[in-house]
Amino acid sequence: MDRFLQDVLTGLGSEFKTLPSKYFYDEKGSKIFQRIMALDEYYLPGCEVEILNESSDLILAEIPFDTIDIVELGSGDGSKTMIFLKQAIRKFNSLTYIPMDISPGILEVNKDLIHSQVPKLEIIPIAGDYLLTSSQLEKRDKPRLLLFMGSNIGNFPGDKAKGFMGFVNGMMKRGDYFMMGVDLRKNPHVIRAAYNDKDGVTRLFNLNLLERINRELGGDFDLSEFEHFGTYNPVTGEAMSYLVSQKKQIVQIAGRLFQFDRYEAILTEVSRKFSIKELNSIGKETGFATVRHFLDSKGYFSLSLFRK
Ligand code: AVJ
């Protein structure tokens, strides 16, 4: 059975309904996400860009290689990474950029953009779920810098973040580097607003998941009967997005029926925020040494550099 269908049936069939957030990023979802990144309330990209503009040289100064592969997991359109690559190509004698993303369309955008801005850079895009495509890197033997930007680490619920860092560690040799963009804990109001924008773009992004199920799996979700709800728990550091059923209803997907009570919710995304202390300990537990955290001027966001 198709992986998407299987994950949807499992998620909606469990006691507390859930859907994996990685399925937000179809063609349409990736476009909506680009609109999210331009929102006033969604401070994350602005902070990350500020750090890249101010600190790319300092970051590169920590990396002693001459020849390097820069591998980016979940690269997206590469518009932020471009800033880093522009500096990087001046430092290394030989540099290959390997963007990996689940959306082939966004990798096209990525390649065109990076090629136009950093023309001499060799680019080898790899499309697909990086958990499955990472084996394609086995034949490359250069020292590596792995990038995981945009606070995508926040999408792993509970212990899964640690599991992911362990997976990344497994893709690296001793001495390789890993840099992760992380949204830090901050005023809860600021975080809550980032997932409840006034233009309703985040709402569209969330609802597109149901639309995608309708489109690709022949589901019959009535989108007008589900409401976006975004909230933040300052104890756990988790922002949560839900879709809340507005009435008692039954939804059919691939011949299976799912019953929703009025106000029953589907958890669609966890966006976890970290403290520096949490980052250091999670790094340590998964086989990394912290090199340095590079923060923006507000202290909202960190580019955290680790070495294996
Ligand atoms: C791309 C996972 C970092 O969690 O902030 C934005 C996705 N979801 N608005 C995030 C997202 C709703 C985003 N990440």
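What follows is a chat about a predicted model, its ligand shell and some of its helix packing.

Colleague: Hi! Which residues surround the ligand?

Modeller: Hello! In this predicted model, the ligand has Ile-36, Leu-44, Gly-150, Ser-151, Asn-152, Gly-154, Asn-155, Tyr-195, Thr-202, Phe-205, Glu-269 and Ser-271 around it.

Colleague: Which elements give two or more residues to that shell?

Modeller: Those are α9, covering 201–217, and β11, covering 265–272.

Colleague: Nice. Which residues of α2 and α9 meet there?

Modeller: From α2 you have Lys-28, Gly-29, Ile-32, Phe-33, Arg-35 and Ile-36, and from α9 Val-201, Thr-202, Leu-204, Phe-205, Asn-208 and Arg-212. The contact of α2 with α9 holds 6 nonpolar, 3 polar and 3 charged residues.

Colleague: Good to know. New topic: how do α3 and α4 cross?

Modeller: The axes of helix α3, residues 44–61, and α4 come within 9 Å, crossing at roughly 20°. The pair is therefore roughly parallel, and α3 passes α4 in a right-handed crossing.

Colleague: What residues meet between α3 and α4?

Modeller: On α3 they are Val-49, Leu-52, Asn-53, Ser-56, Asp-57 and Leu-60; on α4, Ile-83, Phe-84, Gln-87, Ala-88 and Lys-91. Sorted by type, the contact of α3 with α4 has 6 nonpolar, 3 polar and 2 charged residues.

Colleague: And what about α4 with α5, how far apart are their axes?

Modeller: The axes of α4 (residues 81–91) and α5 (residues 104–117) lie 10 Å apart, at an angle of about 40°. Here α4 passes α5 in a right-handed crossing.

Colleague: Which residues make that contact?

Modeller: Met-82, Leu-85 and Lys-86 come from α4, while Leu-113, Ile-114 and Gln-117 come from α5. The contact of α4 with α5 divides into 4 nonpolar, 1 polar and 1 charged.

Colleague: Last one: what does UniProt list for residues 5–307?

Modeller: An unreviewed UniProt entry lists them as "domain: Histidine-specific methyltransferase SAM-dependent". In the model, residues 5–307 are 37% helix and 26% strand, and the end C-alpha atoms of the span lie 38 Å apart.

Colleague: Great, thanks!

Definitions and conventions:
Residues are numbered from 1 along each chain as its sequence is written. This is a predicted model: local features need pLDDT of at least 70, side-chain atom pairs count only at pLDDT 80 or more; totals for chains, interfaces and linings use all residues. A residue is near a molecule or strand if its C-beta atom, placed from the backbone, lies within 6 Å of it. Helices (H or I, at least four residues) and strands (E, at least two) are DSSP runs, numbered from the N terminus. Two residues are in contact if their C-beta atoms, placed from the backbone, lie within 7 Å. Ala, Val, Leu, Ile, Met, Phe, Trp, Tyr, Cys and Pro count as nonpolar, Asp, Glu, Lys and Arg as charged, and the others, Gly among them, as polar. UniProt positions are given in the numbering used here, feature names are shortened, and annotations may be inferred rather than shown by experiment. Axes are lines fitted to C-alpha atoms, for helices over the stretch in contact, and angles run from 0 to 180 degrees between N-to-C directions. A crossing is left-handed if the near helix is turned anticlockwise from the far one by less than a right angle, and right-handed if clockwise. Angles under 35 degrees count as roughly parallel, over 145 as roughly antiparallel, 65 to 115 as roughly perpendicular and the rest as oblique.
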